[in-house]
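Please read the following explanation alongside the sequence and the coordinates. It begins with helix packing and then turns to the backbone and the overall fold.

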Number of protein chains: 2
Amino acid sequence: MKLSLEAENKTFGGHYQVHSHWGESTNCNMVFSIFLPPQSEVKKLPVLIWLSGLTCTEENFRIKAGVQRYATEAGIIVVSPDTSPRGEGVPDDPDYGFGQGASFYLDATQEPWSEHFNMYSYILKDLLSILESNFPTDMKRVGIFGHSMGGHGALTIAFKNPELFKSVSAFSPICAPTKAPWGENAFTRYLGEDTSLWQDYDACDLVRTKGWSSDILVDQGDDDEYLTDYLKPDLLEQACEEKKEFRSS
Amino acid sequence: MKLSLEAENKTFGGHYQVHSHWGESTNCNMVFSIFLPPQSEVKKLPVLIWLSGLTCTEENFRIKAGVQRYATEAGIIVVSPDTSPRGEGVPDDPDYGFGQGASFYLDATQEPWSEHFNMYSYILKDLLSILESNFPTDMKRVGIFGHSMGGHGALTIAFKNPELFKSVSAFSPICAPTKAPWGENAFTRYLGEDTSLWQDYDACDLVRTKGWSSDILVDQGDDDEYLTDYLKPDLLEQACEEKKEFRSS
């Protein structure tokens, strides 16, 4: 897969790069950021994939998180893909919680979304393949994390693919999208009315059916305005407890 | 002066607040951010004022810089004002380098800018007065720093008011605005055609006439696309050397 380097900045001893490429799963051009700490010049490094939340692009984490300092200290490559397919011919919706910037990291089955909105496959196939082929990555040590909708993405992608991800964590994730307005709206339109199919993208349902063999760190502010109605970390905690794999951290 | 708390977030043990208030110098409502580290609950703390660059608001530094960690470690209050007056009745210009978001931290003398574009006085009078009256600040230990146009603002405001500022530093500052396109355009329209009046807002001219009694830290990337034509740190270095007060850092 051919990468095109769109931008590069030297920072904290390493390089922050922005690449674009054709997304096989999304049928459109895609963009991601990657921070390569200085250690990557001499050896393969573990990788952390960051998934951003509603309305974000690959840029938000790159310019706001200040991850470079920590990535250089720890010797970890950090990658942030876009939150959805974009561009001419990609459908969109005026609702900030649906369409471009709001993929929910799933593979859509409903028209007109199913042609491009396959971010689950994009992360698992396109992105991991690119990371393995083009960068000094130790693909046996890949972790995934994210915020809000990206936290939902990280949790669900990890739970479904424990052989690919060594760690998963999330800031203020949407823990139970099938029981929250953002998810109910998006899943209906991406996946259709059959709610039994939604469970395949709900962290609470997935942890009950598939479990997770190590700690899960969820960092959540107690005074978050979206806590009760949209994020529902209590449901994830409860699901983990039911699975008897919950450990407090 | 009455402050209105617009937003508040708990972060790194302290609080990031956004306040609005009437700006006496700018004749319009103004907004600034302030980070109060936990130490501010028990004692007065030194203050760092950050001035942002072209197109920014008070928000950029608050959400991008990650200053909270350092401010809590060091016990310093950090304040970032807006980069210009704004709102209904405040004139603007389509050029990103002029008008709203591009005050150049001076007191305009030309119509229609002179009614509101008095950010030099706003920082010196309105903001310092607010900090002294409303927050646990040690006003004998105030520093100022900034980026690009804000670096220009920090350097010029400090050089003209050494009794008020204990430190000054800048990232990629516009060091010689009277000899660079951004400054030439803005100064002509804010201050008029008489270029002799421009020197009062040029860091190179000011350091030659007024000096500075301690170190000045300027952090500048060597591969910055604006380095040669717009920023000109070599001219500031030369001016400091001429003043025989330059020390490398």
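In this predicted model, the axes of helix 4 (residues 149-160) of chain A and helix 6 (residues 203-210) of chain A come within 9 Å and cross at roughly 20 degrees. Axes here are lines fitted to C-alpha atoms, for helices over the stretch in contact, with angles running from 0 to 180 degrees between N-to-C directions. Helices (H or I, at least four residues) and strands (E, at least two) are DSSP runs numbered from the N terminus. The angle makes helix 4 of chain A roughly parallel to helix 6 of chain A; angles under 35 degrees count as roughly parallel, over 145 as roughly antiparallel, 65 to 115 as roughly perpendicular and the rest as oblique. Helix 4 of chain A passes helix 6 of chain A in a left-handed crossing, that is, the near helix is turned anticlockwise from the far one by less than a right angle.

Which residues meet between helix 4 and helix 6 of chain A? From helix 4 of chain A come His152(A), Leu155(A), Thr156(A), Phe159(A) and Lys160(A), and they meet Ala203(A), Leu206(A), Val207(A) and Lys210(A) in helix 6 of chain A. Two residues are in contact if their C-beta atoms, placed from the backbone, lie within 7 Å.

In chain B, the axes of helix 6 (residues 203-210) and helix 8 (residues 233-242) come within 9 Å and cross at roughly 5 degrees. Helix 6 of chain B and helix 8 of chain B are therefore roughly parallel to each other. Ala203(B), Cys204(B), Val207(B) and Arg208(B) in helix 6 of chain B meet Leu235(B), Leu236(B), Ala239(B), Cys240(B) and Glu242(B) in helix 8 of chain B.

The backbone comes next. Most residues other than glycine have a negative phi, and most peptide bonds are trans. The bond joining Glu111(A) and Pro112(A) is cis, with omega about -5 degrees; Pro112(A) lies in the loop between strand 5 (77-81) and helix 3 (119-134) of chain A. In chain B, the peptide bond from Glu111(B) to Pro112(B) is cis, with omega near -5 degrees.

The loop between strand 5 and helix 3 of chain A also holds Phe104(A), whose phi is positive, near 60 degrees. Is Phe104(A) buried or exposed? Phe104(A) is buried, with 27 other C-beta atoms within 10 Å. A residue is buried if 20 or more other C-beta atoms lie within 10 Å of its own, exposed if 12 or fewer, and partly exposed in between. Phe12(A), in the loop between strand 1 (4-11) and strand 2 (14-23) of chain A, has a positive phi near 50 degrees. Phe12(A) is partly exposed, with 17 other C-beta atoms within 10 Å.

Chain A has eight helices and eight strands. Its radius of gyration, taken over C-alpha atoms, is 17 Å, close to the 18 Å that the globule rule gives for 249 residues, so chain A is as compact as a globular protein of that length. The rule is 2.2 Å times the number of residues to the power 0.38. Buried residues make up 47% of chain A.

Chain A averages a pLDDT of 95, and 98% of its residues score at least 70; pLDDT is the predictor's confidence in each residue, from 0 to 100. Over residues 245-249 of chain A the pLDDT is below 50. Where pLDDT is low, the predicted coordinates should not be read in detail. The model scores ipTM 0.78 and pTM 0.87.

Residues are numbered from 1 along each chain as its sequence is written, and chains are lettered from A and ligands numbered from 1 in the order in which they are written. In this predicted model, local features need pLDDT of at least 70 and side-chain atom pairs count only at pLDDT 80 or more, while totals for chains, interfaces and linings use all residues.
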